[in-house]
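The following exercises are to be worked through with the sequence and the coordinates at hand. Each task is followed by a solution in steps.

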Amino acid sequence: MVGTFFSSTPDGPTYCTASVVQSPGRNLVLTAGHCAQGLAGSSQQIFVPQYRKGQDAAHQPYGVFPVQRVFGDPRYTRNSTGPDSDLDSGFARLGPNSRGEQAENVTGGLRLTPTPRWTSTVTVVGYPGSHNTGQQALSCTVPTSHLAGQHQLQMKCGGFYGGTSGSPWIANYDAASRTGDVIGNLGGWNGGGNLTGDDWISYSPVFGREIQDLYRDAVADRTPVRNPYQRPSDSARLPGAATTWSHARHLVSADFTGDGRDDLLTIWSDGEVSLYPGDGRGGFGAEQQLARAESFWKRAVTVTAGDFGGTGKPDLMVRWDTGKLSYYEDFQASGSGPEYTLGAGGSYWKYASQITAGRYNSTDRSADLAVRWVDGSLSVYSGASPSGPGTERRLMDAGSYWKYATALSSPRPAGQDRSSLLVRWADGSLGSYATTGTDLGKGTRLQAPNPSWTDSAMTTGDLGGTGRPDDLVVRWSDGETSLYDGVSGDGPGTWAPLVNNG
């Protein structure tokens, strides 16, 4: 689904790179904003996916597709080095080929996907206009990183000369299904490269709300109209380096300060416990140390927060390395109420690998427990209280695929009165289940497999002040920590960095 542009016929010099993206009309390609501006000023432009030099239109692999209309952000200035370089993305609507086929029907299409973090592994495919006598596509699979001083990504791979502008940055490519997640395009600061024109370093805008708005304009075939652009802040919202945060073993979100805003409780691998007060806007205040290193919290195996006592204040449920299951009532920064033991040391709770509290069989408070056991079975306990963990319902039997679940959490997306069960699998993929106390519900994949997920920690809470716990915090394996605003059945939400890696 990657190709290049020509004037009239598929011969002579190529012009930029583009990729087919999934759309209702099955006729959209993604390119750079400066490429879209060039297309808008020309006539009889064509897009040739998987271009082959020396072949006429009839013998190109999928034919050629005329460019009918282009869509770019009106605030973007060609090859800018200012904040508007963040907007260097564009779309072109294509007409059918000579056989009456729409591009996506014959090539497949990439999923336009919000950039998930600074560090991802992508495959970048483009058509260099120089140093490329065969006019062949160049492909490179590389890690991304943060472009210092800009709200943009960078990647390093030689050979990306002029003509590769617009090249898709593809994560999770699946050749069998002819799709993948496009999380960036070659463009951005100075049109996608440094001022000296080095071919080995390239840039990309971050895909967020701006490109989603532009995509909707293209789908609706309307002229984009925009308010002045405000660049998002990339400043770290949590103190400390990524190397430090790689030791954050447990993350728990709830209102531990009693100010009506959810906070972030962090239990470190050495037993230290830190609290970061939330500001209700996705940011956090200064660290408060609740326990020093080498405390008994080092022995916590899985931790979650709920309202088991019905007081409206968060209770902290802990499964310890002895097999003991207990919770601390009204756990607050200033101290907690009594500890209730729901399972003695050495009990069957030693086989509980992950526990998360949510509204599964209830719609008024988070007093139900989803438990994944070491044998691969999955249970929901309805109505945990000081007298016990509640009534168990087995949703999956021993030996099931749930033995590959490595982390659980309980977001409550917009429009739902019950919690979803969010699960991270051993291959790094992320899924969501509309679970009740009696039924597991249908599963939806929110993120494809990703090695960076395989040794991470996560929690969900109301960190953006929406009144519902639909924000996801992820501490990645390298310590980079991210906030995703608005978890839903369609994806993990809009990304914002909390701790930058590099």
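**Exercise 1. A strand and its partners**

In which sense do strand 16 and strand 17 (residues 273-276) pair, and over how many bridges?

Solution. The model is a predicted one.

Step 1. Strand 16 and strand 17 pair in the antiparallel sense, over 4 bridges. Within this pairing, Thr266 stands opposite Ser274 of strand 17.

Step 2. Turn to strand 15 (residues 248-254). Strand 15 also pairs with strand 16 in the antiparallel sense, over 6 bridges. In this pairing Asp263 of strand 16 is the bridge partner of Ala254.

Step 3. Recall the general principle: strands of a sheet pair through backbone hydrogen bonds, in either a parallel or an antiparallel manner.

**Exercise 2. The cover of strand 16**

Determine how many residues of strand 16 (residues 263-268) are buried, and which residues lie on each face.

Solution. Step 1. Count the buried residues: 6 of the 6 residues of strand 16 are buried.

Step 1. Assign the faces. Asp263, Leu265 and Ile267 lie on one side, while Leu264, Thr266 and Trp268 lie on the other.

Step 2. Conclude that both faces of strand 16 are covered.

**Exercise 3. Salt bridges across the sequence**

How many salt bridges does the structure hold?

Solution. Step 1. The structure holds 22 salt bridges. In general, side chains of opposite charge can pair when their charged atoms come close.

Step 1. Consider Asp221 and Arg69, whose closest N and O atoms are 2.9 Å apart. This pair links distant parts of the chain: Asp221 is in the loop between helix 3 (209-220) and helix 4 (242-245), Arg69 is in strand 5 (residues 65-72), and 152 residues separate them. Asp221 is partly exposed because its relative accessible area is 36%. Arg69, at 25%, also counts as partly exposed.

Step 2. Consider Arg111 and Asp181, which form a salt bridge with the closest N and O atoms 2.6 Å apart. Arg111 belongs to strand 7 (residues 111-112) and Asp181 to strand 13 (residues 179-185), so the pair ties together parts 70 residues apart in sequence. Arg111 is partly exposed at 30% relative accessibility, whereas Asp181 is buried with a relative accessible area of 7%.

Step 3. Consider Glu339 and Lys324, with the closest N and O atoms of their salt bridge 3.0 Å apart. Glu339 is in strand 22 and Lys324 is in the loop between strand 20 (315-320) and strand 21 (325-328), 15 residues apart. Glu339 has 34% relative accessibility and therefore counts as partly exposed. Lys324 counts as partly exposed at 23%.

Step 4. Some salt bridges share partners. One network formed in this way joins Asp73, Arg75, Arg209, Glu210, Asp217, Arg222 and Arg226.

**Exercise 4. A nonpolar surface patch**

Which residues make the nonpolar surface patch of about 320 Å²?

Solution. Step 1. The patch is made by Tyr348, Tyr351 and Val374.

**Exercise 5. The overall picture**

Compare the radius of gyration of the protein with that of a compact globule, and summarise the fold.

Solution. Step 1. A compact globule of 502 residues would have a radius of gyration near 23 Å; the protein has 25 Å, which agrees.

Step 1. The protein contains 4 helices and 34 strands, and buried residues make up 58% of its 502 residues.

Step 2. The accessible surface comes to about 19500 Å², of which carbon and sulfur atoms account for 47%.

Methods
Residues are numbered from 1 along each chain as its sequence is written. This is a predicted model: local features need pLDDT of at least 70, side-chain atom pairs count only at pLDDT 80 or more; totals for chains, interfaces and linings use all residues. Side-chain values use heavy atoms; hydrogens and water are left out. Patches are made of residues with over 30% relative accessible area and no salt bridge: like charges are joined within 9 Å, nonpolar side chains (Val, Leu, Ile, Met, Phe, Trp, Tyr) within 5 Å. Accessible areas come from the Shrake-Rupley method with a 1.4 Å probe; for residues, only the protein chains shown count as cover. A salt bridge is a side-chain nitrogen of Lys or Arg within 4 Å of a carboxyl oxygen of Asp or Glu. Helices (H or I, at least four residues) and strands (E, at least two) are DSSP runs, numbered from the N terminus. The radius of gyration is taken over C-alpha atoms; the globule rule is 2.2 Å times the number of residues to the power 0.38. Buried means under 20% relative accessible area, exposed over 50%, partly exposed in between (1.4 Å probe, protein chains only). Two strands pair if DSSP finds at least two bridges between them.
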